[in-house]
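My notes are kept in the sequence in which I looked things up.

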Amino acid sequence: MKHLMAGAALAVAMAGPAKADELRDAVNEDMPGLVELYRDLHENPELSFQEFETAKKLAARARELGFEVTEGVGKTGVVAVMKNGEGPVVMLRADMDALPVTEQTGLPFASKARGTPASGVESGIMHACGHDTHMAAWIGTAQLMAERRDEWSGTLVMILQPAEELGLGALAMLEDGLFERFPKPDYILGFHDAAQAPAGMIGYSKGYALANVDSVDITVKGVGGHGAYPHTTKDPIVIAANIVTRLQTLVSRETNPLDSAVVTVGSFLAGTKHNIIPDSAKLQLTVRSYGDETRAALLAGIRRIARAEALAAGLPEELLPVVEVEEPYTPSTYNTPEFTEEVMAVLKERFPERVFEVPSVMGGEDFGQFYRADPDNIESLIFWVGGVPQERFEAAQRGEVELVSLHSPFWAPDAPVVIATATEAMTAATLDLLGKKGG
C-alpha cells in the first residue's frame, strides 16, 4: 500500500466530520479503558490454539455487556451473540493469536512471554501482527453496540477466532458448528491493521483482497555417491536446481499476465559434505494465487515439472519426486463487491479523505473461510486500518527511515488511533447494516 497512501495521506490522516458526532464522542470516552486492555493483551500474548487466558478474559467482558457467550468453539474460539429483535444477522470477527517472535520494540509494556509453537522450538511471543488492536476494537464495538440496542434490530454475532497465523482457526470454528450452533450470518465484517499506511487510514479492495496460500514440499530422489565420480550417480541437487529454474515459467509463461500468481522456493536442503552427492534433496515452496482455477493450474504445473525433470535426468518411476501439498490450505479472501461499496460509502461519509481503495495483496488470511462456507448467502468484507505513527510515516516518505512490516519484532502501531478508528468504523457499519436510526 506504500505508493497508494503516500500522497494524500499526510495532511488528512486524522480528518473527520466537521459536525459534532455522538458516536465518535462515545468512542473517545471509551478509549482509556480500551488502551488499558490493549496493553494487557500486548503484554500477555498467547500462541495459536493456546489463547486460553485471552479468550477467557474477553469472554467475561462480553458476558458483562449482555451477550450470550460460548467458549471453546474451535478449541479456543469465542462466540458472543446478542439477539435484538427482527432483522439480519451480522458477524464481526477478531483474531486472537500472537506470533513466535521475540519483541524488540522497547515499549514499556513489551511482551516478555515465551512459549513453544507447533514447530517445537521455544521462542519469545509477540503480537507482531497487531491482533491485540483487533481484540481491543472488538471489545470497543461490543460495548457501543450493547449501549445502542434501541438504534438497531437484528442479531449481532461477535467471534474471537484462534490460530489465524496458522491459517487454521476459522476452519476449526466452522468445523465445530459455527454456522449450525449459532445464528448464521448474512454479513461478515473484519479488519486488519496495516504496517505500510499512516495511522487512521482505511484501505479496502473489492473482489479478491488476499491470496490463496499453499505450502508445497518436493522431495527429489536420486542415487548418491562420491563427488569425484558423478557419472555413477543420479544427482538430486542438479535435478532439484532444474526444477527450481523451470518453476519460474509457471508464472512467467503459463499464467495469464493479467492474473496474479507467485511461486517462491523458500528452502533448498541437500547434502552433508563437499565431496558427497546425496541421494535426496528437499524443496519448500510457497504458492500464491487468487482464483481457484489459477491455484489448480499452478499445483498441477509443479507436479508436472518435478516429474518431467526427474525423467529427463533418467530416474526410474520408483525414484520420481514426491510432491506434497499441505492441507488444509489458506483460501483466498474475497470481498463481495456490492457489499464492499455499501460499507465503504458509510465509512467515506464518516471519515472524509481517509478511505482509499488499495491493491489486493499476496498475503494470506483465513477470514475468507467464512464466506467460502456459503458464498451464495453471505456477504463479506475485511478492510485495512493504517497503523504507522504519523511522524514516522512522514519520515519514511522523506526517505529518512524504513517502515517495518507486520511480523517484525519492531512493529509498534499507533494503537490508540488504530483502535479508535476501527471501533468507530466497525460500529458505524454494523449500525447501518442493522438499521441504524441515528447517531
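The entries below go from a sheet to its helices, then to single residues.

**Ground rules.** I am working with a predicted model, in which local features need pLDDT of at least 70 and side-chain atom pairs count only at pLDDT 80 or more, while totals for chains, interfaces and linings use all residues. Residues are numbered from 1 along each chain as its sequence is written, and side-chain values use heavy atoms, with hydrogens and water left out.

**Entry 1, a sheet.** I looked up an open sheet of four strands and noted the order β12-β14-β10-β15, with antiparallel pairing. Strands here are DSSP runs of E with at least two residues, helices are runs of H or I with at least four, and both are numbered from the N terminus. Two strands pair if DSSP finds at least two bridges between them. β12 (261–270) and β15 (322–325) are the edge strands with a single partner each, so one side of each has no neighbour in the sheet. On average, neighbouring strands of this sheet are turned by 20° against each other, direction ignored. I then followed β12 to β14 (residues 280–289), and found nine bridges joining the antiparallel pair. V265 has L285 in β14 as its bridge partner.

Helix α7 (residues 236–247) lies across β10 (212–221), β12 and β14, and runs at about 165° to β12. Helix α9 (residues 292–312) lies across β10, β12, β14 and β15, at about 10° to β10. Axes are lines fitted to C-alpha atoms, for helices over the stretch in contact, and angles run from 0 to 180 degrees between N-to-C directions. Contact means heavy atoms within 4.5 Å.

I placed S289 in strand β14. S289 counts as buried because its relative accessibility is 1%; buried means under 20% relative accessible area, exposed over 50%, and partly exposed in between, with a 1.4 Å probe and protein chains only. Leaving aside neighbours within four places in sequence, S289 touches residues including A211, S260, T294, L298 and M362.

Of the 17 residues of α4, 16 are buried, so the helix is largely enclosed by the rest of the structure. Helix α2 (residues 22–43) packs on α4 at about 140°, with the axes 9 Å apart. That makes α2 oblique to α4, as angles under 35 degrees count as roughly parallel, over 145 as roughly antiparallel, 65 to 115 as roughly perpendicular and the rest as oblique. On the α2 side, the residues making the contact include L23, V27 and L34, and on the α4 side M135, I139 and L144 are among them.

The peptide bond from E327 to P328 is cis, with omega near -5°, and P328 lies in the loop between β15 and β16 (333–335). F49 is not a glycine, yet has a positive phi of about 65°; F49 is buried at 18%. H407, also not a glycine, has a positive phi of about 80° and is partly exposed at 38%.
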